[in-house]
Amino acid sequence: MAFIEVKNLKKVYKLGNEKVYALRKIDLEIKKGEICCILGTSGSGKSTLLNMLAGLEKPTKGDIFINGTNIAKLSEKKLARFRQENTGFVFQSYNLINQYNAIENVGMPLMFKGTNRVKRDKESAKMLRLVGLGDRMKHRPNQMSGGQQQRVGIARAFVAKPNVVFADEPTGNLDTRTTDDVMRLMVKMCRKYGITLVLVTHDLEIADYADRIVHIIDGEITGIEDHVSAYVPEDDTGDTPSEKEKIEIGQNREDKTNEPL
Ligand code: ADP
Ligand code: MG
């Protein structure tokens, strides 16, 4: 079974007497560790689908298996617990708590899990350093730029090392350069910890970071394509040779074989 399996998913909203068919019939599989981008124009049903995958909304019909658990059938209490233990979320508008500083915001998922303050702060500080905000730990959201706030949002989404992170237009409020920084950071975190990423966007450039692109139009999937992610983060564990070292090794060999006899 795939890590995420969506079967015959439907969502109908009722607005007075009118029915809005937000998702018509969605079938989808997402592999563990994959960066999956759901691409579609405004109103195509992206947020509806993502909210359902993340367990924030209940489908009208259908099943959503994550790691073998059908979250569409869980009680509210079990679902809340499942979300805490398995998922992280990155929002377009960051959704940070204004009264809390960066380190406290990042630590929220750990607090819900019952991790003590000392351990929480230690983990949160590590994550903030990984997203390049080691010097902004005591800053509050309104004392940071949009890009910095989203990096705090990313640190928060990954701090508890969830199985899967969901992101809804994570770069929607950012300029082009900051968008690239934020995307690279998310890919880096996913690859480092083997985390699956499901992100939705209307932006073709964002899809370039994905391993797979799912096209959605009017609540229906119209195509799924494999894709080579535009960005390969450098391995910073020190276990494998760097690109520079690899090139040097390769060149040495070539030099020898090319030597005149
Ligand atoms: P996207 O994220 O791709 O812009 P959405 O998933 O937000 O699209 O919306 C898909 C469709 O469902 C739209 O037509 C939207 O108007 C409708 N919709 C979304 N949420 C609701 C709701 N709570 N009540 C009624 N209609 C909704
Ligand atoms: Mg949306």
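Student: Which residue has its backbone oxygen 2.7 Å from a polar atom of the K11 side chain?

Tutor: This is a predicted model, where local features need pLDDT of at least 70 and side-chain atom pairs count only at pLDDT 80 or more, while totals for chains, interfaces and linings use all residues. Residues are numbered from 1 along each chain as its sequence is written, chains are lettered from A and ligands numbered from 1 in the order written, and side-chain values use heavy atoms, leaving out hydrogens and water. K11 sits in strand β1, residues 4–15 (strands are DSSP E runs of at least two residues, helices H or I runs of at least four, numbered from the N terminus). The backbone oxygen 2.7 Å from its side chain belongs to K58.

Student: Does K11 count as buried or exposed?

Tutor: The cut-offs are under 20% relative accessible area for buried, over 50% for exposed and partly exposed in between, with a 1.4 Å probe and protein chains only. Leaving out residues up to four places away in sequence, K11 touches V20, Y21, A22, L23, T48, M52, E57, K58, P59 and T60 (contact is heavy atoms within 4.5 Å). Its relative accessibility is 12%, so K11 is buried.

Student: And how much of the protein counts as buried?

Tutor: The protein has 9 helices and 10 strands. Out of its 261 residues, the buried share is 46%.

Student: On to α5 and α7: how are they oriented to each other?

Tutor: Their axes come within 11 Å and cross at roughly 125°; axes are lines fitted to C-alpha atoms, for helices over the stretch in contact, with angles from 0 to 180 degrees between N-to-C directions. Under 35 degrees is roughly parallel, over 145 roughly antiparallel, 65 to 115 roughly perpendicular, and the rest oblique. So α5 and α7 are oblique.

Student: Which residues in α7 do K126, M127 and L130 of α5 meet?

Tutor: The helices concerned are α5, residues 117–130, and α7, residues 176–193. Across that contact, K126, M127 and L130 meet L185, K188, M189, K192 and Y193.

Student: Which residues in α5 are buried?

Tutor: What covers the buried residues of α5 includes α3 (102–106), α4 (108–112), α6 (146–158) and α7. The buried ones are R120, S124, A125, M127, L128 and L130.

Student: At the start of α5, which residue's backbone nitrogen does a side-chain oxygen of N116 reach?

Tutor: At the other end, just after α5, G132 takes a positive phi of about 80°. At the start, the N116 oxygen comes to within 3.2 Å of the backbone nitrogen of V118.

Notes: A polar contact is a pair of N or O atoms within 3.5 Å; within protein, one must be able to donate a hydrogen and the other to accept it, and residues adjacent in sequence count only if both atoms are side-chain atoms.
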